[in-house]
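The entries follow in the order I checked them.

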Amino acid sequence: MGRMDPKAFESEIASPQRKPFYLITGGDPSAVGRCLGATRAAVSQELIQLNYRQYGLEGLDNASGWARLTQEVTTNPFGKPPRIVVVTLTEAEKLKAEHYAIIGKIRPKIARSATLALVLMGGFDSRLKFFRELSQAGVMVDCQAPNRYNLHNWVIAKFKEKGLRAGLEAARLMIERAGPNLGVLLSEIEKLSVYPGPDVVITTEHVRLYVSLGASAEVYDLGTPLGLGRLEKAVPIMMDLLDKSDPVTLINVIATHFRHLFHMKVIIEASGGHAADEALAAEMGVNTFRIRFFREQIGFWTLSSLGEAHSAIQDSLRSVLTGMAPDKVALGALAVKLAGLARARDGYAAQANGPGE
């Protein structure tokens, strides 16, 4: 029967067709939250203290945890049904063999007026018999996180749920600034739903003004001029970001960009100077849309100069962390160093003086 989506689960859990067991899987916090809200709403609100329970794996692994859960799902609810019990595992937690055995014994005993919902925020091995059987039974709810290629569409959809409109470039810039963590992105979307608020088209300008840099951000507005050695373009962007962001985060953003350049250079040289965009994107873990930006920059660098760039980035981080230099001085010096390394490449002057310069 396969898997159902959160919308189908919301409908089914509130209906007489409710099943005694569900497995809710995936790392999309918005979709999981929607499913958890549906489990709570399905219980009579007057009896919710008696007929609704939530457990974590750690609590169940205590002496009487699983025995208590078994008693709750195998007896009839108080008053109006159903009784619903939810067990949630974090992304870091995994089911062990003994857990599969316990749940396998509990499932056939669940009362008709009760439901047990197991939530796995992390991944699972679909090859295991436990998961194959649940998929065939039609009790798996798919809350999988979007992959990196669809993340911008996910951001646009979440804006729409908040009554906001956002274009493709605004969504991409938000991911670049905040990073790919879904929880962080949801927080930033929530912030923009308050100000500038509903009925507003979110633009790249809104994103630049209000979205904070995340620890895993990749700001191509900054990385591109640094990669091209364009000091006059890089410094104003860097200083603007520094006014709104932690300097360590900003240095990490630069480090991420230059790690990508180094990785790309290694792949291209290993392939004899030729590598397709799709192969590069898959190997580097980035969208093919970004590959053209990296290609534009990679000719200005050798593996040796990229190694020097990484050393300069680490020196800048050390200066900031130890207070050896003010943040703006340390980052300004880093920009000058990186631009100098790029400008040292043959052919820079020709490109810099090309069309449009």
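I count a salt bridge when a side-chain nitrogen of Lys or Arg is within 4 Å of a carboxyl oxygen of Asp or Glu. This is a predicted model, so I keep its limits in view: local features need pLDDT of at least 70, side-chain atom pairs count only at pLDDT 80 or more, and totals for chains, interfaces and linings use all residues. Residues are numbered from 1 along each chain as its sequence is written, and side-chain values use heavy atoms, without hydrogens and water.

**Salt bridges**

I searched the whole structure and found 14 salt bridges. I looked up Lys 328 and Asp 243: their side chains meet at 3.7 Å, N to O. The pair links distant parts of the chain, with Lys 328 in helix H18 and Asp 243 in helix H13, 85 residues apart. Helices (H or I, at least four residues) and strands (E, at least two) are DSSP runs, numbered from the N terminus. For exposure I use relative accessible area: buried is under 20%, exposed over 50%, partly exposed in between (1.4 Å probe, protein chains only). Lys 328 counts as partly exposed at 45%. Asp 243 counts as exposed at 56%.

Next I took Asp 277 and Arg 295, whose closest N and O atoms are 2.7 Å apart in a salt bridge. Asp 277 sits in H15 and Arg 295 in H16, 18 residues apart.

Arg 318 and Asp 315 also form a salt bridge, at 2.8 Å between the closest N and O atoms. Both lie in H17, three residues apart, about one turn of the helix.

Asp 28 lies in the loop between E2 and H2. Its contacts (heavy atoms within 4.5 Å) include Cys 143, Trp 154 and Leu 182, leaving aside residues up to four places away in sequence.

**Sheet**

I traced an open sheet of six strands, ordered E1-E6-E2-E5-E4-E3, with parallel pairing. E1 and E3 stand at the edges with a single partner strand each, so one side of each has no neighbour in the sheet. Pairing needs at least two bridges found by DSSP; E1 and E6 have two.

**Cis peptides**

I noted a cis bond joining Pro 81 and Pro 82, omega about 10°. Tyr 195 to Pro 196 is also cis, with omega near 15°.
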